[in-house]
Amino acid sequence: MALGPIEIDRSSTVDRVAHALREEMHRGTLTGGTSLRESNVAESLGVSRSTVREALQILTSEGLLVRRPNRGVEVRQLTEEEIEDVFKARRVLETAAARSVVQATRTDLMTLIAVQRDFEEAVASSAAASVVTEAHLAVHVAIVGLLGSPRLTATARDLMSEIKLAVATTDRTSDDLPAQVEQHRAIVELLRQAKGEEAAQLLEAHLAHAKAFMPTVG
């Protein structure tokens with residue numbers, strides 16, 4: 001599959017190339033199973049093959065790309081088992097954060113409230129699906145942030161990156177975004193009131209529903 005032109009800052013570094021490709025994957029422009037040839041990517045971005053090679057290594061280490069024998073580098077497609085594992089990790093992190101909300105700092109709570117507001121504004125403004133997804137998942141990262149652990153927050157970001165890759169090609173026309181906003185608003189309000197167990201139960205239901213709509217390969 002040929003990669004079309006992608007706009008990129010011509011002062012590009014390896015990180016900028018990786019960022020550009022990552023964004024194309026999260027938008028669904030580069031779909032699961034798409035082969036990325038160094039020469040094609042280098043030509044599309046106007047950078048050297050060595051720069052592309054390093055960028056592809058970064059994305060492979062992040063789990064967004066995979067190397068296939070005799071096929072080169074491809075955009076990753078999550079299997080049913082991998083999706084199950086991602087959501088298992090999310091349940092552990094997010095419900096633990098909810099149940100320990102009484103120990104959260106005011107700063108972390110205010111961050112959660114702010115990203116929920118951003119999510120609501122993205123939906124209200126009919127932003128692009130990728131923008132809404134980014135804002136949606138930022139709420140879940142902020143929930144994990146209530147634990148006050150930079151390492152666990154970084155783990156949550158990695159999990160959300162995998163989720164973004166999986167949902168990029170999902171048909172979002174049936175999404176009831178107002179209902180999602182209300183669900184998140186209810187969870188955030190419970191957390192604001194330090195009602196951790198109730199928030200954890202809502203999160204369990206929300207994550208179970210979300211997992212059912214995840215696209216997978218065998």
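A: Axes are lines fitted to C-alpha atoms, for helices over the stretch in contact, and angles run from 0 to 180 degrees between N-to-C directions. Helices are DSSP runs of H or I with at least four residues, numbered from the N terminus. This is a predicted model, in which local features need pLDDT of at least 70, side-chain atom pairs count only at pLDDT 80 or more, and totals for chains, interfaces and linings use all residues. Residues are numbered from 1 along each chain as its sequence is written, and side-chain values use heavy atoms, with hydrogens and water left out.

Helix 6 (residues 129-145) packs against helix 7 (residues 150-167) at about 155 degrees, with the axes 9 Å apart. Helix 6 is therefore roughly antiparallel to helix 7 (an angle over 145 degrees). The crossing of helix 6 with helix 7 is right-handed, the near helix being turned clockwise from the far one by less than a right angle. In contact (heavy atoms within 4.5 Å) are, among others, Leu137, Val141 and Val144 of helix 6 and Ala156, Met160 and Ile163 of helix 7. The residues of this contact comprise eight nonpolar, four polar and three charged; Ala, Val, Leu, Ile, Met, Phe, Trp, Tyr, Cys and Pro count as nonpolar, Asp, Glu, Lys and Arg as charged, and the others, Gly among them, as polar.

A further pair is formed by helix 5 (residues 106-124) and helix 8 (residues 177-192), whose axes come within 10 Å and cross at roughly 165 degrees. Helix 5 is thus roughly antiparallel to helix 8.

Key
Helix = DSSP H or I, 4+ residues; strand = E, 2+ residues; numbered from the N terminus. Parallel < 35°, antiparallel > 145°, perpendicular 65-115°, else oblique.
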